[in-house]
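I opened this notebook to record what I looked up in the model, entry by entry. The entries follow the order in which I consulted the structure.

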Amino acid sequence: MLRMQRFFLSGLAMTKAKGRNAPYVLSLPAVLLFAALLVVPLAMTVVLSFQNYDLNTGAIEGFTFGNYLDALGDPYYHTIFLRTISIACATTILCILIGAPEAYILSRMQPPWRSIFLIVTLSPLLISVVVRTLGWALLFGRNGVINATLAALGIGGGPIPLLYTTHGVVIALVHVSVPFMVISVWASLQRLDPRVSKAAMSLGASEATVFRRIILPQIIPGVLSGSLIVFALAASAFATPAIIGGRQLKVVATSTYDEFLGTLNWPLGAAIAVVLLVVNATIMLTYNNLLERRYARSTR
Amino acid sequence: MSKIVIESLVKRFGTFTALNGIDLSITQGEFIGLLGPSGCGKTTTLNIIAGFEEATSGRVVLDGRDLAGVPANKREMGVVFQSYALFPHMTIAENVAFGLEMRKMPRPEREKRARNALDLVRLEHLADRYPRQLSGGQQQRVAVARALAIEPSMLLLDEPLSNLDAKLREEMQVELRAIQRRVGTTTVMVTHDQAEALATCDRIAVMDAGRIVQLADPLTLYDSPNTQFAASFVGKSSQLFSDIVSVEGGTATLSLRGSDKPLSVAAAPWFTKGAEVVLALRPEKISLTASPSEGMLRGKLISRVFQGSSWLFVVDTPAGTILVCELHRGAPAFAEGQPVGVSWNAADAALLPVGARHD
Amino acid sequence: MNRNGPLALLFHALFVVFMAAPLAVVVWMSFTPDNLLKLPTTTLSLRWFYAILDNQQFINAFGLSIFLGVIAATLAILLAVPAALALSRYRFSGRDGLVAFFLSPLIIPHVVLGVAFLRFFTQAGITGSFAALLGSHVLVIFPYGLRLVLASLTASDPALERAAVSLGASNWTVFRRVVLPMMIPGVAGGWVISFIQSFDEVTMTVFVATPSSMTLPVRMYHYIEESIDPLVASVSTVVIFGTFLLMFLVDRIYGLDRMLVGPTK
């Protein structure tokens, strides 16, 4: 952070009299944008979630907790919330199991390969999730590539149903989310000092012990923050569960869509969205604070 | 007439006082060093002279003109930074000519001046390269050329050599001095390396905790430090504790701890009977004898360190630990653990008050 | 650095296959000469690529996505640069809060943003307009651009500006001749990643788009909802290769791994 302090001082050196207002003036346009297009819409949504709904006229005046009671009390939504959370958990666990080791393996590669495979692993992030999910839809399915290949090789007793199943959704979500896990674990691996491992080995530790006692504890913050990102992503995912899961397998995001553009019960849709937002934000912020406090001192 | 006068400079950052009254007068063409440990305020002083920071109180007067209110970009000072701060997206030639560009000099003339400046540091052949293609030492020289190209009224150097390795640093010290002599620009250099300051500066201001402890030329500073701090910061110093037995007229009698031989020295104005006095001695001014009784002090040789051209002996005595330096003329006569006698010329000892850090 | 053992390399190979499989399948499938989705095992055909040209909806959507992406990325960067300058070079009260505020769209689920925008635009009466689409996209991609520009600003040596000042440059000249040129790779990288995020955006846009203002991913999504045929695969292939081209460009200007992972090296 010393670098930041020196940076501030150099800025201060030049600003003198007008310095006081400069940062506020500079950030004003962005602040206005955010105020108009983030704060206001979100506030309106919260307000909407407390409104009544009439089948004929749509959202009408009146204050009610009814929507929240529906969203949180109705067993239909219970199923949806549970399904969403279990999908998100499964996705997160798989991402840890697959992404963390991959990040570790990448970090041990020699220069040209390392960059190449880093790009290979992460570039799917730059392609729309619709395209990626389409690929999975093509792979799954009774006549999809996977089943066709298995049939051609004569393996198994019939096609494996993956389309329209939660397993399929999880696999596709893992594909979409694992790059974030790799980035997160990679970042914490970059902060490792290789000489610490060498010191441990010189003191007699085996490679496995070095990994378990030296490296693993230091990358746990990366794994945890990656898990946060993956969980949040998977819990609020829309396109992938919609395409792979189909109309029967609803998750929070798709049922919100249904309420808004299907039954047009906007207040209820808004309530579900607010619940999703609150849960998301709470998880991220409290977990984040926990991480900061526990690991901040050791990751300098 | 002084080139630049710094009067009672004070700088506070909130509750922290970085400079506690700096007074310094520099003549034209002088090479002054600001020497001290981190946090002593030397860089803050330089920043105030340059105009990057404003003093809380006090003034800086350049050529008779108060610099208060003069912005940093109008002070006509050439600054060389510790990190060199060469503009990465410009060639070396463009870097050096930048200051001239700011002065709206027409292109042919500023290219010529830039080339002259690069010539001064013998890097003319690298004019079209980019900073990242140059070594650290070359970048440092370009930074100097860039600062000199504008023919500044003063040259300010902020630890310019600290990022270079030892050998290169020594070479650059000599070269820096030679360039400065040739160009004649008044120079202020900030450094924490006392050997560097001794080698390059005309006068050195030793600083500690926001104050100038001693301002003197290198020889005086080395031979006659005025405080324990100055004695130990510059060069190696052995500090022997003694008590004042009596003061009569211009002479005082000191009793060295652990010695039964009283010392007679010229009395300094601040001497009072019963007070403690520290004798500061440079290692090369002390000699050892194999028979302890012949010395002014008895001691035991704890270790000897071979330094190539010299030997360093560490001797333990009741008055304090002594460092003795002798030229290497074959295997030393003294072994570790041997009792030895320690002697020196009375005139070579600097007499310092105990514990005082400022005048 | 230790080498990876054969087991590790096997795992890695499987991982790469896993990551590449869906994209490879899409590309491969798009070359099928048949009417149905089948991996072409004998001949490759471009018929489904030519079919795109006959599909006005996809062409319009393509055009809209590109146009939207360019404008949105440009606007986002125009707002991000001064904000990044403010955040990186000044210490002021509320600075940390402001950073969190500007990065908040990253942690707000796009579903929620879609809902909020739909409500907002409906009340404002501008649903389906280009302005609505643009506004929502600029907000969502802004954090990506800001992050990159901020990273490139904080990575530079503070002494550089002081050096320019000491040589006689005015504040404006320092900005124009020293700060701005050094910011360019970061700004360019920020622009590209903003463009890509806008182009790819689907979850939020699905709520905000109307039949007359559909972006490509939303059009593709609705198409897939009805049925999956090689046409959408060929559109995807065009998108994939367009993205590869952009990635190549970014690598030249800024460094692709730096953009993806962040300036850690």
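I count a residue as buried if 20 or more other C-beta atoms lie within 10 Å of its own. I also note at the outset that this is a predicted model.

**Entry 1: strand S9 of chain B**

I applied the burial criterion to strand S9 (residues 203-208) of chain B and found five of its six residues buried, so by this definition the strand is mostly covered.

I then looked up the neighbours of S9(B). Strand S3 (residues 31-35) of chain B runs parallel to S9(B), and four bridges join the two. Within this pairing, I noted B:Ile204 of S9(B) as the bridge partner of B:Gly33.

Strand S10 (residues 211-216) of chain B pairs with S9(B) in the antiparallel sense, over five bridges. Here I found B:Ile204 opposite B:Ala216 in S10(B).

I next asked how many residues lie between S9(B) and S10(B) in their hairpin. There are two, and B:Ala209 in the turn has a positive phi of about 50°.

**Entry 2: an open sheet in chain B**

I traced an open sheet of five strands in chain B and recorded the order S13-S12-S11-S14-S20, with antiparallel pairing. Which strands are at the edges? They are strand S13 (262-266) and strand S20 (350-353) of chain B, each of which pairs on one side only. From one strand to the next, I recorded an average twist of 40°.

Within this sheet I examined strand S11 (residues 238-248) and strand S14 (residues 276-281) of chain B, which run antiparallel and are joined by six bridges. In this pair, B:Phe241 stands opposite B:Val278 in S14(B).

For reading such pairs, I keep in mind that side chains in a regular strand alternate between the two faces of the sheet.

**Entry 3: chain A**

I listed the secondary structure of chain A as 13 helices and two strands. Of the 300 residues of chain A, 43% count as buried. I also looked up the contacts in chain A between residues at least 6 apart in sequence: 72% of them join residues at least 24 apart.

**Entry 4: the contact of chains A and C**

I found that 75 residues from chain A and 80 residues from chain C take part in the contact. On the chain A side, helix H2 (residues 22-49) contributes the largest share, 16 residues. I recorded the composition of that side of chain A as 56 nonpolar, 15 polar and four charged residues.

Conventions
Residues numbered from 1 in each chain as written. Chains lettered and ligands numbered in written order. Predicted model: local features only at pLDDT ≥ 70, side-chain atom pairs only at ≥ 80, totals over all residues. Contact = placed C-beta atoms within 7 Å. Nonpolar A, V, L, I, M, F, W, Y, C, P; charged D, E, K, R; others polar. Pairing = 2+ DSSP bridges. Axes fitted to C-alpha atoms, helices over the stretch in contact; angles between N-to-C directions. Buried ≥ 20, exposed ≤ 12 C-beta atoms within 10 Å, placed from the backbone.
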